[in-house]
Amino acid sequence: MDRRKYLKTLAVGSLSAAALLQTCSPAKKEDAPDLTKVNGGHDRQPNEIEHFKKVSAEKFLDAHEMATITILVDIIIPKDEISGSATEAGVPEFIEFIVKDMPRHQLPMRGGLKWLDLQCMKRFTKAFTECTPAQQIEMVDEIAFPDKAKPEMSQGVAFFNLLRDLTATGFYTSKIGIADIGYVGNKPNQWDGVPQEVLDQFGLKYDERTLTESVKFES
């Protein structure tokens, strides 16, 4: 199954809900603003701006945890010929922000990352980030398909479900992800009037006033 196509289908179906998190999703790394200086825009209240700056300035996930997440999110949404990867869309930073903004995710996220390393230590005698790509995929395959997962993998399945949901949300509310979907939102358009062939078919034509005031636009 094409993971990107599957996730895109989910994203399109829940675009309105996901859009609520759009302001939390950072841009590509080279375009990312200094979050401690962001004022939140004219539609945010002072307490919301203060909260945003406070959460952005905090640190929860350590370097090893972020490195693990970076590998995992790119397994979930890799770079392809259409668009960039989850990491290029800023998903690891998005997840770091969300687990601080929504503390209920902190224990499941950190616990899941430690569970993953423990499983890799038992199987490969090294942490997930130190495993080969083939070993990493082997481990992910154990927890990425809930209906096929072994009962003893249930904690890993729950962790990966959370990570996959956050990855899809972060990616498809980023500039890269929105372009990947092809979503353009509400844009002003220009009505050029009824096509000439239709007017000719019914023997109709516009009078000069209608052409001037309603149909013709300056480019």
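**Packing of helices α6 and α8**

The crossing of α6 and α8 is left-handed, a term for a near helix turned anticlockwise from the far one by less than a right angle. The model is predicted, with local features requiring pLDDT of at least 70 and side-chain atom pairs pLDDT 80 or more, while totals for chains, interfaces and linings use all residues. Residues are numbered from 1 along each chain as its sequence is written, and side-chain values use heavy atoms, without hydrogens and water.

Helix α6 spans residues 106-124 and helix α8 residues 154-172; their axes lie 9 Å apart at an angle of about 125 degrees. Axes are lines fitted to C-alpha atoms, for helices over the stretch in contact, and angles run from 0 to 180 degrees between N-to-C directions. The two helices are therefore oblique to each other, the class left after angles under 35 degrees (roughly parallel), over 145 (roughly antiparallel) and 65 to 115 (roughly perpendicular). In α6, P108, M109, G111, G112, L113 and W115 meet Q155, G156, F159, L162, L163 and L166 of α8, contact being heavy atoms within 4.5 Å. These residues comprise 8 nonpolar, 4 polar and no charged; Gly counts as polar.

Q106 also belongs to α6. Q106 is partly exposed because its relative accessibility is 21%, between the limits for buried (under 20%) and exposed (over 50%), with a 1.4 Å probe and protein chains only. Beyond residues up to four places away in sequence, Q106 touches F60, V99 and K100.

The chain as a whole contains 11 helices and 0 strands, defined as DSSP runs of H or I (at least four residues) and E (at least two), numbered from the N terminus. Of its 219 residues, 39% count as buried.
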